[in-house]
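This report goes through selected local features of the model shown below.

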Amino acid sequence: MQEEGGVADLWLQFLLTIDATLRVATPLILCAMAGIFSEKSGIIDISLEGKMLMSAFAAAAVATLTSSALAGLVTAIGVSVLLGLLHGLASITLRGNQVISGLAINILASGLTVTIGIAMFKQGGQTPNLSRAERFRPIELPFAEQIGNLPLIGPIYREVISGHNILVWVALAAVLFTAFILTRTRFGLRLRAVGEKPEALDSAGVSVAKTRYLALIVAGVLCGMAGAYLSTAHGSGFVREMTAGKGYIALAAMIFGKWQPRGALLACLLFGFLEAVASRLQGVDVPLIGEAPVDLILALPYLLTVILLAGFVGKAMPPRAIGEPYVKER
Amino acid sequence: MTDASQMANGGSTSPLAIELSAINKSFGDVHANRDVNLKVVSGHIHGIIGENGAGKSTLVSILYGFYAADGGLISVNGQITTIRNSADAIGKGIGMVHQHFMLVPNFTVLENVMLGHEGSLSIEASAQKARNVLNKLSEDFGLTVDSDMIVENLPVGLQQRVEILKALFRGAEILILDEPTGVLTPQETEQLFDILRALREQGVTILLITHKLKEIMAITDDVSVMRDGEMVAHLKTAQTSPAELAELMVGRKVLLEVDHTPAKPGVPVLQAENLCLTTANGIDHLKDISLTLREGEIVGVAGVSGNGQSELLDVLSGITTPTSGSFRVGTNEITTQRPSDPAQLRRLGVAHVPEDRHKCGIILPFSAAESMILGYSGTDEQNQGWWLSPSALEQNCADRMHGFDIRPPLPSLASANFSGGNQQKIVLAREISTQPKLLLVGQPTRGVDIGAIEFIHKQLIALRNEGCAILLVSVELDEIMSLSDRILVMNNGQMVGELAREEADEQQLGLMMAGIGAEDGITTSQMRAGS
């Protein structure tokens, strides 16, 4: 009896970790898909971080003012798309350096969110705490309690599948959406072509700039959702620098996934899992090791990415024309 | 299409597929096209010949909508039109096969052909439709390509075929080919010409841009000559001669044949024995290469590009270390265990004109004077104590520019601002001026205009006459045949044959380059009797 209870408890602990993984991975997944769109089109997108931060603020601020999480989400998407267009203006139309432009957006977002936040809400850069009505609420699936009481399988349904807010599902759908767009549609074909060999697309009579702008707009939409998730679904309000490098982790996950939706999804889940494990193990004594090496676990995503980029875990093939502004030859 | 081809034979009443009048285009100070007029008869193969930088590519880029003309009129099939971008050109039935292929390397043939003309939003249905059209095109014109192959895995000849298919898929009735044969073997070129003839049969109008006289004579119906951005002549191909065209291109008489006196080979300068080069992932680039080079001879290495010639140059110049085997320069032996490097070999009198001047020959943003001393910056004449001496650099460069007729003669001008021919002369001047014992030279006249080719060839012969041993790697068979005293043929990393200057002809070299009939003369003659 005692034994059985222990196993069941361990199983529950595991499922809770998986549940946390999904919640932590959601913004990463949305951001990584956004990164795939930008980077497949040949635009380096380190501005994922800034776009997410800015839209997190916009979502929380508008949700506070209108008491509507949906209005917040729409605004967040709008703001993120605008930043994407700014990135496009600098790097497509004006042929500037894409890394510098992305960096500028990140710095801009970091400063602007706090400045506007203080001006609007006078809470040191935070937005007021959102009530339940102003947030995306967990969706309890039907019969969660009844099915949840079934042994072993039940908790999977109750803890892992049920009880997520809509944006978690949107993030998972975004992976399918991205894969579908890339491989099955005309836009996807052109998107992949423009990141590999823009002159081929140009000579085929398709505008390179238009295709890249479109890619940045789609990326903006996905990034905006990631931001809104952070402040109005996962959290309950905006906190300064609340993205805390998630944009960069998403970028790393995308590279780790070799610019492919499925690979990026798995990388995001892995990174999310490590983070979930680390927070569960906080202060826990592990047999033989002693206190759990939480910092090491948190650093793993970065180490893995560095190792991948160094070429130890298969070869990552970035789009060939990435980072190069398109200029017709002489 | 059939109407056009019937009427095309009607002489002066033939409809015009393209008419250009008074086209002008400037890039900054450079007047690339000056009042260019051109009439291309429908259903003809029309050649435009001219030196590099004569404005041919600019002209067809305007026609294909890559650049907007500063002024002038374009008529397609008798109607004045404006072509603002490639989509406009495609809409008017103009297709283009670019010199540097416009193919997405990691896409399949099918995806490349569809790109931009997918038809529907979803590509599933359009892929099937495209596949059917492709099959039909390949039947009609003998353009066979496996549509599911990844383009970058195809040989260059087939990649070009994909480019042609792409244009036809978009409904091109006027096909522009910009220097299409630069990367092809003689056999592939012949196949291309067969395809072009088949296209002409079907009424397709073809505009062929080239700097090769032989191709103009072989396949075109009409020819226009460009020089310095202007059209200088429009001729019927049947009524002209290579000599006349060459003179029109350059504006003066050109010596097409090099003045080649018999060689007087002396002692061996370079002896290579069983050189092998295998990459880390097991690909053999060089297999048992043995060769000897003597003072005062030019040995040509013929071969389709990518059969180990580049690697041979890399090994002999010290850039790569052979996996096994050895070579001896003078009394110094270089082996895997005792490798060398370019600097050491240079001190031993080995000079190297690399195949790709942009990648290894010069540094484009550097001034000509700086590019002129790459690899030799440590020599005393360039330095004052620890410091480079700018005045010595400039003086040295000015002298060589004078000696090699490099234009414009401005040592401080960035290397990028010289034409291809003059950049090549910079590299050549640098390497030759050290009086090398052995000169390794790769593609000495790639992308170089006729005037400069003539000059470079003369320099190489002169150097040979002074006793230098020269190893010449080139994909231009004409160049190999007119300069070499002996010709080695490479195929798939091996030396597959050697011919004396007198016994080499293009047919036989072509077969050997393709790896056929290399072992003995009997097979070769059988092959020839058979074909």
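## Charges over rings

In this predicted model, B:K425 sits over the face of B:F455, 4.7 Å from the ring centre. A charge counts as over a ring if NZ of Lys or CZ of Arg is within 6 Å of the ring centre and within 35 degrees of the ring normal. B:K25 likewise lies over the face of B:F27, at 5.3 Å from the ring centre.

## Aromatic pairs

Rings of Phe, Tyr and Trp (its six-membered ring) pair if their centres lie within 6.5 Å; planes under 30 degrees apart are stacked, over 60 edge-to-face, and the rest tilted. The count is seven aromatic pairs over all chains. One of them joins B:F27 and B:Y67, with centres 5.2 Å apart and planes at 75 degrees, so this pair is edge-to-face. B:F27 belongs to strand β1 (residues 16-27) of chain B, and B:Y67 to the loop between α2 (56-63) and β4 (71-76) of chain B, so the pair ties together parts 40 residues apart in sequence. Helices (H or I, at least four residues) and strands (E, at least two) are DSSP runs, numbered from the N terminus.

B:Y64 and B:F66 form a tilted pair, 6.1 Å centre to centre and with 55 degrees between the planes. Both of these residues are buried, and B:F27 and B:Y67 are buried too. Buried means under 20% relative accessible area, exposed over 50%, and partly exposed in between (1.4 Å probe, protein chains only).

## Helices of chain A

A:S80 is in helix α3 (residues 69-93) of chain A. What is the relative accessible area of A:S80? The value is 0%, so A:S80 is buried. Beyond its neighbours within four places in sequence, A:S80 is in contact (heavy atoms within 4.5 Å) with A:K51, A:S55, A:G220, A:C223 and A:G224.

Helix α6 (residues 153-161) of chain A has A:G154, A:P155 and A:V160 as its buried residues. After α6(A) comes A:G163, with a positive phi near 85 degrees.

## Confidence and conventions

The predictor assigns the complex an ipTM of 0.86 and a pTM of 0.77. Chain B has an average pLDDT (confidence in each residue, from 0 to 100) of 86, and 93% of the residues score at least 70. In chain B, pLDDT stays under 50 over residues 1-11, with 13 contacts beyond four places in sequence, and over residues 518-531, with 11 such contacts. Where pLDDT is low, the predicted coordinates should not be read in detail.

Residues are numbered from 1 along each chain as its sequence is written, and chains are lettered from A and ligands numbered from 1 in the order in which they are written. Local features need pLDDT of at least 70, side-chain atom pairs count only at pLDDT 80 or more, and totals for chains, interfaces and linings use all residues, while side-chain values use heavy atoms, with hydrogens and water left out.

Notes: pLDDT is the predictor's confidence in each residue, from 0 to 100.
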